[in-house]
Amino acid sequence: MLDVLMRTDRNFVTRWADTDDLQAVLQIHKTRKSTLGFLPDQPFVDAIDRGQVMLALEPTGRVVGYLLFRLRKTRQDAAIVHLAVLREYERRGVARLLVEAIKVELAALRKLNLRCRRDYAEHALWPELGFEAVAERVG
């Protein structure tokens, strides 16, 4: 079990997810399925068990967003799989806080990458969070 990480800003805290957080993560995923796509529950369970889900919470403890990533087999880099924030918390710095927390935690890795469709509005967020397009894939 990983030690709990807690970073704070004025409005939110981040920490690693544990099994008690599964339902909150699944609920947020359900609200974002149109862009995140279908993912059964077990991959979320597995990612939480591996310490690969970071949460953003209100000071009250309500989970308002999550970032799920996976380490590559080489252990030299990681990929963001999901970044999801409840709609009522958009544009309040939650996504930025999650990405910054993960960048700090994974600073020893060679790189952090992701894939995002250009036709989703969320595509515009990534450059604001310090990512740049390096390739384009058809399909």
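In the protein chain, 59% of the contacts between residues at least 6 apart in sequence join residues at least 24 apart, where contact means heavy atoms within 4.5 Å.

Before I go on, the basis. This is a predicted model, in which local features need pLDDT of at least 70 and side-chain atom pairs count only at pLDDT 80 or more, while totals for chains, interfaces and linings use all residues. Residues are numbered from 1 along each chain as its sequence is written, and side-chain values use heavy atoms, with hydrogens and water left out.

The overall layout comes next. The protein chain has five helices and six strands; these are DSSP runs numbered from the N terminus, with helices (H or I) of at least four residues and strands (E) of at least two. Their order along the sequence is β-β-α-α-α-β-β-β-α-β-α. Of the 139 residues, 40% are buried, meaning under 20% relative accessible area with a 1.4 Å probe and protein chains only; exposed is over 50%, and partly exposed is in between. The chain exposes about 8,800 Å², and carbon and sulfur atoms supply 50% of that. Those areas come from the Shrake-Rupley method with a 1.4 Å probe, and for residues only the protein chains shown count as cover.

Now strand E3, residues 53-57. How many of its five residues are buried? Five of the five are, so E3 is largely enclosed by the rest of the structure. In a regular strand the side chains alternate between the two faces of the sheet. In E3 both faces are covered, with Val53, Leu55 and Leu57 buried on one side and Met54 and Ala56 buried on the other. Methionine 54 has a relative accessible area of 0%. Its C-alpha lies 9.2 Å from that of valine 99, which is 45 residues away in sequence.

E3 has a strand partner in E2, residues 13-16, and the two pair in the antiparallel sense over four bridges. For strands to count as paired, DSSP must find at least two bridges between them. Valine 13 has leucine 57 of E3 as its bridge partner. E3 also pairs with strand E4, residues 63-71, again antiparallel, over five bridges. Here valine 53 is bridged to leucine 68, and leucine 55 stands opposite tyrosine 66. E3 and E4 form a hairpin with five residues between them, and glycine 61 in the turn has a positive phi of about 105°.

What about E4 itself? Seven of its nine residues are buried, so E4 too is largely enclosed by the rest of the structure. E4 runs antiparallel to E5 and is joined to it by seven bridges; phenylalanine 69 has isoleucine 80 as its bridge partner in E5.

Next, helix H3, residues 41-49, where the buried residues are Phe44, Ala47 and Ile48. Seen down the helix axis they fall within an arc of 100°, so they line one face of H3. That arc is taken from the directions from the helix axis to the C-beta atoms. The cover over these residues includes helix H1 (22-31), E3, E4 and strand E5 (77-85). After H3 comes glycine 51, with a positive phi near 75°.

On to the nonpolar core. By that I mean a set of buried Ala, Val, Leu, Ile, Met, Phe, Trp, Tyr and Cys residues joined through side-chain atoms within 4.5 Å. The largest one has 38 residues, and Val53, Leu55, Tyr66, Leu67 and Val94 touch the most other members. E2, H1, H3, E3, E4, E5 and helix H4 (94-105) each supply at least two residues of this core. Which element gives the most to this core? H4 does, with seven residues.

Last, the aromatics. A search of the whole structure finds three aromatic pairs. Rings of Phe, Tyr and Trp (its six-membered ring) pair if their centres lie within 6.5 Å; planes under 30 degrees apart count as stacked, over 60 as edge-to-face and the rest as tilted. Tryptophan 16 and phenylalanine 69 have ring centres 6.1 Å apart and planes at 50°, so this pair is tilted. Tryptophan 16 is in strand E2 and phenylalanine 69 in strand E4, so the pair ties together parts 53 residues apart in sequence. Phenylalanine 44 and tyrosine 66 have ring centres 6.1 Å apart and planes at 80°, so that pair is edge-to-face. Phenylalanine 44 and tyrosine 66 are both buried.
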